[in-house]
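Please examine the sequence and the model displayed here before reading the numbered points that follow.

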Amino acid sequence: MARSNTTTSESALRGGVSEKSEAEPSGVSLEFQPKTITEREFLRFQELIHRVSGIWLTYAKSALLVGRLSKRLRQLDLTTFSEYHRVVTTDSEEQNCMLDAISTNETRFFREPGQFEFLRKRVFPQWQTDAAKGARDRRIRVWSAGCSTGQEPYSLAMVLCHDFPAAAGWEIEIVATDLSSRALAVARGATWESAACSQIPEPYLKAYMLKGCGRQEGRIKAGPEIRSVVKFLRLNLNEPEYAVNGPFDLIFCRNVLIYFDRTDRDRIVRRMLSYLAPSGYLFVGHAESLHAMHDVVRSVITTVYVPIVKVNSEADVAR
């Protein structure tokens, strides 16, 4: 999303926070909750959040910012956003709390089923054929970037463990990363309300998920087979280098790029491609498009891309 250079007045920012907006979540006492954020305060948070995470908040997100951060102000017994800004610029732990607060952790199991169908019908059969011919090894590596509370990597673990069983000599490794420590804590716990699992196909549900009983009744947990192939790490996509080791056969970065402006999005995608195998696939969300990056990726279906492998010029000369 492009950055806006439009000057916004304080009154306009106040107007963006209605009485029924996210600025007033249920259960939060209004006497502790600032209802407004000044233009200067917003711009300072906008710059800080962009600098440390790459996330670009437009002026339209002023109400969301107020709503997400008000709880932190209340817990720290602060009354203004300026006071809170002084805290987060000097306290790295509170800065992580701020990023947790503004992160949107919306996800679900087997989200965007067309992508899973593409894997099962086009990608997996090719991998199995290549392995039988000795054209590839029996190791599959996946990176789930922006994994949120874990439903995406565990969905991938289910389909991969089903189609590429360890008994047949396959080794599966899924690296799942997210900016939010809070979301990662849920993901590592691998336990959700049963209703969250309604999108899991019945055969996978029976084979790979555990149904809670007793005090855990009404909850469901990822079974040991799929938990064993997923590793979770905190990772900021805005960092110059990523603490993961490529190459990966698949990279999922879905509904994450929408939070960056075009310049940062381009930079992050190009960096992620350096971790993707030449024969690998990059998956993005339906609200995201990489068509402007036709010099480095090619679309195979909507939201799925392969890297454009550039020919080595020195090798050409040698030929």
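Helices (H or I, at least four residues) and strands (E, at least two) are DSSP runs, numbered from the N terminus. The model is predicted: local features need pLDDT of at least 70, side-chain atom pairs count only at pLDDT 80 or more, and totals for chains, interfaces and linings use all residues. Residues are numbered from 1 along each chain as its sequence is written, and side-chain values use heavy atoms, without hydrogens and water.

1. P247 is located in the loop between β6 (230–234) and β7 (248–252). The peptide bond leading from G246 to P247 is cis, with omega near 0 degrees. Most peptide bonds are trans.

2. S148 is not a glycine, yet it has a positive phi of about 55 degrees. S148 belongs to the loop between β1 (139–145) and α7 (151–163). With a relative accessible area of 5%, S148 is buried (under 20% relative accessible area, with exposed over 50% and partly exposed in between; 1.4 Å probe, protein chains only).

3. A190, also not a glycine, has a positive phi of about 55 degrees. A190 sits in the loop between α8 (181–189) and β3 (191–193), and A190 is buried at a relative accessible area of 0%.

4. A nonpolar core is a set of buried Ala, Val, Leu, Ile, Met, Phe, Trp, Tyr and Cys residues joined through side-chain atoms within 4.5 Å. The largest has 45 residues, and those touching the most other members are F109, Y154, M158, L160, I174, M209 and I226. A second, separate core of 26 residues includes L237, F248, C253 and L276.
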